[in-house]
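Here are my notes for you, written as numbered points.

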Amino acid sequence: MLDEKKFVSKADAEIKKYGILKDAFQQIAMVEGNLYEKRKKAFDQIKGIKELDNVYISDIYLNFTTEMSGLEEFRKTLISKINDKILPATVFYPTKAKAYKQNVGDYGNIKKQKAKQENEKIKAQTNSQVEKAKSLQTDIARKEDLINQNGESIEKNFLKFEADRVVDNKYLFLHFIHSELAYHTAALEKLSSLYKNIQDIEPIEKLPDFVGKYSLDSVGDLREYGYDAKKIERRNRRGGDNRSDLS
């Protein structure tokens, strides 16, 4: 016989748990969305800096903001999976649990109706109301069949609900983890490349242009300011592969 209290308690527990999951992932999505807006704005501000005295510094700003903004867009796309795949699951299963809870309630109502008719049948038999007793017995038999059918259906459907739930919950978290891994993998690759690109840019090479632009005739030897023409020439001949010459 179906244990109605256990089924209702289970349904209520799942509804509560999915409420927690929904709130948690909505919070993550909201925080990520706010962070995206703030970080994108910060990178756009850096990109808007006008560097008039050293084109290599402009290149650094451009490379940095382009790659970092691209990473932010990629992360935004991945986080959108929370809304596309995770949150729908946190709505679907509570809806199913509520439906099963309603089915259990309907099942209980049929049982109550059957019990009531059984009492009425006893009274009818006591009062020698043969036809009424027969009619009630027919209804009771029909409800007995309905109770058995509904009880079996509820048990099978609830077992399927549980089997689907635990598997989908697993993949719910795997989807999120996969998105995080995809972002951090891309970030490591792009940031490593960005680091090398910026490392290969030597803005100190433009120091003589700065001296000429501002007519700094009295500054003396530029080596005092980190500029070494011979090291720069050697590096340029080697294609800029050895950055240690200028360190």
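1. Let's start with the overall build: the protein has five helices and zero strands. Read from the N terminus on, the elements go α-α-α-α-α. Helices here are DSSP runs of H or I with at least four residues, strands are runs of E with at least two, and both are numbered from the N terminus.

2. A quick word on ground rules. This is a predicted model, with local features needing pLDDT of at least 70 and side-chain atom pairs counting only at pLDDT 80 or more, while totals for chains, interfaces and linings use all residues. Residues are numbered from 1 along each chain as its sequence is written, and side-chain values use heavy atoms, with hydrogens and water left out.

3. Now the outline. Along its principal axes, the C-alpha trace spans about 130 × 30 × 20 Å. The radius of gyration is 37 Å, whereas a compact globule of 247 residues would have one near 18 Å. (That radius is taken over C-alpha atoms, and the globule rule is 2.2 Å times the number of residues to the power 0.38.) You can see the stretch in one pair, too: Asp12 and Asp53 are 41 residues apart along the chain, and their C-alpha atoms are separated by 67 Å.

4. How much of the protein is buried? Of its 247 residues, 28% count as buried; that means under 20% relative accessible area, with exposed being over 50% and partly exposed in between (1.4 Å probe, protein chains only). The protein exposes about 16,200 Å², and carbon and sulfur atoms supply 55% of that. These areas come from the Shrake-Rupley method with a 1.4 Å probe, and for residues only the protein chains shown count as cover.

5. Asp12 sits in helix H1 and counts as partly exposed because its relative accessible area is 34%. Lys40 is also in H1, which covers residues 4-47, but Lys40 is buried because its value is 19%. Asn169 belongs to helix H3 and is buried as well, at 15%.

6. Contact means heavy atoms within 4.5 Å. Across the protein, among contacts between residues at least 6 apart in sequence, 77% join residues at least 24 apart.

7. A search of the whole structure finds one cavity of 30 Å³ or more. On a 1 Å grid over the protein atoms alone, a cavity is a set of points where a 1.4 Å probe fits but cannot get out, while a pocket is an open set with protein on both sides within 12 Å along at least five of seven lines; lining residues have an atom within 4 Å of a point. H2 gives the largest share of the cavity lining, five residues. Among the lining residues are Leu78, Ile79, His175 and Phe176.

8. Finally, the largest pocket, with a volume of about 160 Å³. (Grid points are joined across faces, edges and corners, and a volume is the space filled by probe spheres set on the points.) It has 13 lining residues, and Glu32, Gly33, Tyr36, Lys76 and Ile79 lie nearest its centre. H1 and H2 are the elements that give two or more residues to this lining.
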